[in-house]
Amino acid sequence: MNALVHAHSGLRYVVLALLIAAVGIAMAKWQNNESGDSKIYTFALISCHIQLLLGLVLYFISPKVDFSMMSEKLYRFFTVEHTSMMLVAIILITIGRVRSRKVEAGIKHRTILFYYGMGLVLIVAAIPWPFRNLGAGWF
Ligand code: HEM
């Protein structure tokens, strides 16, 4: 359980770094009218899906997920807010990747920028950063 929480917690930085890189690449390639693709788009998607799998396992075993304690901020956060916002973010990123493969070359990078950008904002907002006093640390 502890190892899983640390894996899930540490992987946030990999997810964030890859999403920021993907958004930056998408912005540059869109501005320069470049075609082609970037492996970073796929790596960012994979990191999100690994995080989703770890999160799903945690959801069933974590003591912080408890529907009978919803009046308390910490339990409500992990039971509903964190999970639902992360799910929406990962769904957006997945849709973005699938669409970016289907659309014409000219709007590929703009599609990534839009969906990954929205996903990134949601993920940053839903992370239990230590200063939010939700009992979670930096790692
Ligand atoms: C990119 C997506 C995600 C990121 C960046 C992320 C990040 C985090 C972080 C930083 C923590 C705090 C760990 C600590 O205590 O140090 C956490 C906890 C948790 N996450 Fe996520 N998460 C993501 C997605 C998900 C999803 C999709 C679920 C559920 C399906 C989920 C379920 C949980 C649960 C249940 C905990 C509490 C674990 C515990 O301390 O007992 N997470 N997450």
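Analyst: Quick ground rule before the tour: helices are DSSP runs of H or I with at least four residues, strands are runs of E with at least two, and both are numbered from the N terminus. This is a predicted model, in which local features need pLDDT of at least 70 and side-chain atom pairs count only at pLDDT 80 or more, while totals for chains, interfaces and linings use all residues. Residues are numbered from 1 along each chain as its sequence is written, and side-chain values use heavy atoms, with hydrogens and water left out.

Now the metal. The ligand's iron atom is coordinated by NE2 of H8 and NE2 of H82, at 2.0 Å; donors here are N, O and S atoms within 2.8 Å of the metal (3.2 Å for Na, K and Ca), and with water not among the atoms, sites may look incomplete. Buried means under 20% relative accessible area, exposed over 50%, and partly exposed in between (1.4 Å probe, protein chains only).

One step out from H8 you meet Q51. Q51 belongs to helix α2 and touches H8, L11, R12 and V15, leaving aside residues up to four places away in sequence. Touching, or contact, means heavy atoms within 4.5 Å. With a relative accessible area of 13%, Q51 is buried too.

Follow α2 and you get to α4. The axes of α2 (residues 39-61) and α4 (residues 105-126) come within 12 Å and cross at roughly 30°; axes are lines fitted to C-alpha atoms, for helices over the stretch in contact, and angles run from 0 to 180 degrees between N-to-C directions. That makes α2 roughly parallel to α4 (angles under 35 degrees qualify). The contact is made by Y41, A44, L45 and C48 on the α2 side and by H109, I112, Y116 and I123 on the α4 side.

I112 also leads back to α3: S100, a residue of that helix, touches K108, T111 and I112, again not counting residues up to four places away in sequence. At 0% relative accessibility, S100 counts as buried.

Zooming out, the protein chain has four helices and zero strands. Its C-alpha trace spans about 50 × 25 × 25 Å along the principal axes, and 37% of its 139 residues count as buried. Among contacts between residues at least 6 apart in sequence, 69% join residues at least 24 apart.

N33, in the loop between α1 and α2, has a positive phi of about 55° despite not being a glycine, and N33 is exposed at 69% relative accessible area. N133, in the segment after α4, likewise has a positive phi, near 50°, and counts as exposed at 64% relative accessibility.

Terms used: Parallel < 35°, antiparallel > 145°, perpendicular 65-115°, else oblique.
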